[in-house]
Amino acid sequence: MSEHNVGTQEKNAAERLASKTSAHPVAQESLQYIENRIYDDIAIGDSAEICRTLKPEDIQLFAVMSGDVNPAHVDEEFASTDMFHGVIAHGMWGGALISAVLGTELPGPGTIFLDQTLKFKAPVRVGDTITVRIKVTEKLPKGRLVLACSCINQHDKTVIKGEARVIAPDRKIRRPRVVLPEVHLHVQGAQYARLIAATRELPAIATAVVHPCDALSLTGALEAARREIIVPILIGPRQKIEAAAVAAELSLDGIDIIDVPHSHAAAAAAVALVRSGKAGALMKGSLHTDELMEAVVDSTLGLKTERRISHVYALDVPTYPKPLLVTDAAINIYPSLNDKRDIVQNAIDLMQALGVDLPKVALLSAVETVNPHITSTLDAAALCKMADRGQITGGLIDGPLAFDNAISAKAAAEKGIHSSVAGDADILVAPDLEAANMIAKQLIYLAGADAAGIVLGARVPIILTSRADSLLARLASCALAQLYLSHHAEPTP
């Protein structure tokens with residue numbers, strides 16, 4: 001059983017019972033303790049039971065703990081074809097519940113397990129409610145007990161039957177009931193896997209890959225090509241690109257390479273390729289972001305539009321239930337109000353491309369009220385009014401909001417904030433680059449988030465990866481560009 005579920009169920013049960021016994025402090029106190037029954041106080045026929053409902057996360061947590069990834073328990077597609085026609089619990093999940101009764105109820109703390117037999121009579125499925133019962137059938141010398149054990153589902157059908165032999169404690173134990181930690185299950189990269197899967201039916205985009213002269217950036221580009229997300233055109237010193245391919249054991253067969261002498265020339269050539277219509281996206285390789293962006297924003301030969309160029313992080317955060325965009329963490333250092341209008345619009349456009357029709361945008365500050373001494377609160381208020389007047393479209397916008405009440409419904413409620421955005425934001429807009437960068441990096445390094453990155457507002461999306469990015473993050477960044485272009489493509493007449 002998942003620690004989170006056990007702890008939550010016990011806590012909820014305790015709270016419900018406590019509310020019924022508020023006039024009886026002794027009863028309330030007993031709920032906070034766990035105590036045993038010693039051998040001398042136990043009689044044949046004594047019994048105890050607990051009740052649990054199997055949830056999908058219980059199966060996942062048991063698999064993580066045990067390492068048992070038998071597809072009958074964790075693979076819905078496979079399980080639908082086997083003899084039980086669906087996912088079932090690990091058999092020893094029920095065995096663990098029997099152990100829980102013995103260790104917490106009868107005899108309780110201090111019990112020593114000697115032997116356990118189990119017969120599995122029927123499968124346990126997600127949603128089944130199992131009552132675990134034990135009953136003392138024999139008292140043997142030296143503190144030993146024999147107990148009949150059974151697990152019975154909601155249809156009164158026995159699913160597990162067995163017998164346990166234990167040594168009962170010989171001294172009374174009464175201890176505070178330990179509060180179990182919350183457990184959050186997260187499949188690393190699951191959000192990105194769905195993102196990449198969403199591109200399967202889309203045409204690959206011709207992408208100018210700028211100076212891919214190290215193994216990691218070259219691997220990302222070629223793997224994205226293999227998955228038909230992009231059609232890479234590698235631009236850089238041919239000798240360095242080929243050396244990187246040899247080092248990474250990659251084949252360059254069928255890949256176009258434009259040979260230029262150095263990274264600065266590669267950036268200029270990539271931008272020229274886009275201007276000529278031969279590439280629909282840019283992808284950063286092993287060169288500095290400033291060097292690439294210098295070519296992009298060139299007033300004569302670059303890729304600027306009327307929209308301000310900005311960077312968007314797409315984060316897969318283990319403790320957040322959906323993709324989270326953070327902007328701008330890489331381009332605009334201290335954006336003006338007009339800059340922020342475009343930064344917000346760029347992020348909304350991207351989130352719509354990811355399938356969220358009306359993204360919720362939180363304009364961040366240190367506080368959630370307008371304060372004339374804090375410029376970011378004034379900007380947030382102005383941006384909200386700009387959205388009301390149609391200067392920003394396609395999203396629900398609220399601010400100023402502090403970080404906690406932007407992403408936590410509980411924090412928002414405690415502050416008395418009534419908003420459809422607060423506690424459920426899709427997009428976090430930071431006051432400046434420093435704040436956005438720190439938010440994103442903290443989520444990456446302290447919360448275990450995966451981060452994909454893209455630059456918008458130029459003629460084409462720019463796939464902006466970091467040296468620290470994983471292969472999956474690089475693929476996700478390519479998928480962002482492909483989804484964005486597909487969503488914003490002009491309809492065919």
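Student: Are α12 and α17 roughly parallel or roughly perpendicular to each other?

Tutor: Two packed helices are described by the angle between their axes and by the distance between those axes. In this predicted model, local features need pLDDT of at least 70, side-chain atom pairs count only at pLDDT 80 or more, and totals for chains, interfaces and linings use all residues. Residues are numbered from 1 along each chain as its sequence is written, and side-chain values use heavy atoms, leaving out hydrogens and water. The axes of α12 (residues 337–353) and α17 (residues 471–488) cross at roughly 90 degrees and come within 8 Å. The two helices are therefore roughly perpendicular (angles of 65 to 115 degrees; under 35 is roughly parallel, over 145 roughly antiparallel, the rest oblique). Axes are lines fitted to C-alpha atoms, for helices over the stretch in contact, with angles from 0 to 180 degrees between N-to-C directions. Helices (H or I, at least four residues) and strands (E, at least two) are DSSP runs, numbered from the N terminus.

Student: Which residues of α12 meet α17?

Tutor: Asp-349, Leu-350, Gln-352 and Ala-353 do, and their counterparts in α17 include Tyr-484 and His-487. Contact means heavy atoms within 4.5 Å.

Student: In what order do the five strands of the open sheet lie?

Tutor: Strands of a sheet pair through backbone hydrogen bonds, either parallel or antiparallel. Here the order is β2-β4-β5-β6-β3, with antiparallel pairing (at least two DSSP bridges between two strands). β2 (47–53) and β3 (112–120) are the edge strands, each pairing on one side only.

Student: How many bridges join β5 and β6?

Tutor: Nine, between residues 144–152 and residues 158–167. Arg-144 has Ile-167 in β6 as its bridge partner.
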